[in-house]
Amino acid sequence: MYNVEFPGLGLTMDIDPVAYRVGDFNIYWYGIIIGAGFLLALAFALKILRYFGIKQDAFIDCVIVGFICGIIGARLYYVLFRWEYYSQNMNEILAIHNGGLAIYGGVIGGLLGGGITAKIKKVPVPAAMDVAVMGFLIGQGIGRWGNFVNQEAFGTPTDLPWRMVSENTGGVGVHPCFLYESLWCLLGFVLLYLFSRKWRQYDGQIFLLYLIWYGLERMLVEGLRTDSLYTPLLHLRVSQILAGVTVAVGIILLVVFRKRTFKAADTKKQPLYYEGYEQESEENGTERHDSQDTGIVQ
């Protein structure tokens, strides 16, 4: 049980990380919140698939594989950058019930697993990525409240009005980093969704914007965290380095594909960089909806 305060806002609450107890078995709020975020993300994705010309059955297969690979990736990422400890405690590598999942590893694993499955299932990968990352933002925005329940993922001391105080912070007011990321992700979801309905020019554009949007947040907020993973050689924050790389890659590819889009428009070609999409859509029995039907610029 944690006593959590936001003294600048006049808020005080007692939080029990355990939602239900059945004998010696505990069901934790963290798992419930993560599960709720996943289900809401999936429900949203299934709702908008038709705007991207993707069949539900094939996409669900991608989600299942992506979810499993995401968990594996999140654990491997965490273990890799704490190898000094786990190399001496090999029996704990699989003990994910004790904590130790890194969100960036989860995103990478999920995208790789889902992307490979999409390729096998003949789902247009860039379009699937567009749908997936909007779902990611929902899941991340909700899932970060699991960190709040566990009183983790907070930042350095601060005297800002929204500072958070609990036993885990040592009674000191700290940055509620979970809240920063939650709000950033939910705002990003709204913005990218609106962009997808009105201004999306090619498959994969939303994915590139996600790389930039989420990368910027990680570059800023990770600098406040007190529990960041570090590279073993340079002792730099891993997530900040990776975030910087993703932002740079996202910007470069947006510029490249923007030029390609204009070139395609000049030659009256479809401004998509996923070749063979129309043929595969016909083979799979899926129809690509035009901008008059969906508001999406194809």
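Student: How many disulfides does the structure hold?

Tutor: This is a predicted model, and the structure holds zero disulfides. A disulfide would require a pair of cysteine sulfur atoms within 2.5 Å.

Student: Why is Cys 62 counted as buried?

Tutor: Its relative accessibility is 7%.

Student: What makes Cys 185 buried?

Tutor: Cys 185 has a relative accessible area of 0%. That value is under the 20% cut-off, and Cys 185 is therefore buried.

Student: Why are helix 4 and helix 5 called roughly antiparallel?

Tutor: Helix 4 (residues 103–120) and helix 5 (residues 125–150) pack at an angle of about 150°, with their axes 11 Å apart. Angles over 145 degrees count as roughly antiparallel, so the term applies to this pair of helices. Helix 4 passes helix 5 in a right-handed crossing.

Student: What makes Tyr 78 and Tyr 86 an aromatic pair, and why is the pair edge-to-face?

Tutor: By the pairing rule, the count comes to 15 aromatic pairs. In the pair of Tyr 78 and Tyr 86, the distance is 6.3 Å centre to centre, with 70° between the planes. Centres within 6.5 Å make a pair, and planes over 60 degrees apart make it edge-to-face, so both terms hold for Tyr 78 and Tyr 86. Tyr 78 and Tyr 86 are each buried.

Student: Which residues form one aromatic cluster?

Tutor: Phe 6, Trp 145, Phe 148 and Phe 178 form one such cluster.

Student: How do you know that the charged end of Arg 197 sits over the ring of Tyr 51?

Tutor: The charged end of Arg 197 lies 4.2 Å from the centre of the Tyr 51 ring.

Key: Residues are numbered from 1 along each chain as its sequence is written. This is a predicted model: local features need pLDDT of at least 70, side-chain atom pairs count only at pLDDT 80 or more; totals for chains, interfaces and linings use all residues. Side-chain values use heavy atoms; hydrogens and water are left out. Rings of Phe, Tyr and Trp (its six-membered ring) pair if their centres lie within 6.5 Å; planes under 30 degrees apart count as stacked, over 60 as edge-to-face and the rest as tilted. Buried means under 20% relative accessible area, exposed over 50%, partly exposed in between (1.4 Å probe, protein chains only). A charge sits over a ring if NZ of Lys or CZ of Arg is within 6 Å of the ring centre and within 35 degrees of the ring normal. Axes are lines fitted to C-alpha atoms, for helices over the stretch in contact, and angles run from 0 to 180 degrees between N-to-C directions. Helices (H or I, at least four residues) and strands (E, at least two) are DSSP runs, numbered from the N terminus. Angles under 35 degrees count as roughly parallel, over 145 as roughly antiparallel, 65 to 115 as roughly perpendicular and the rest as oblique. A crossing is left-handed if the near helix is turned anticlockwise from the far one by less than a right angle, and right-handed if clockwise.
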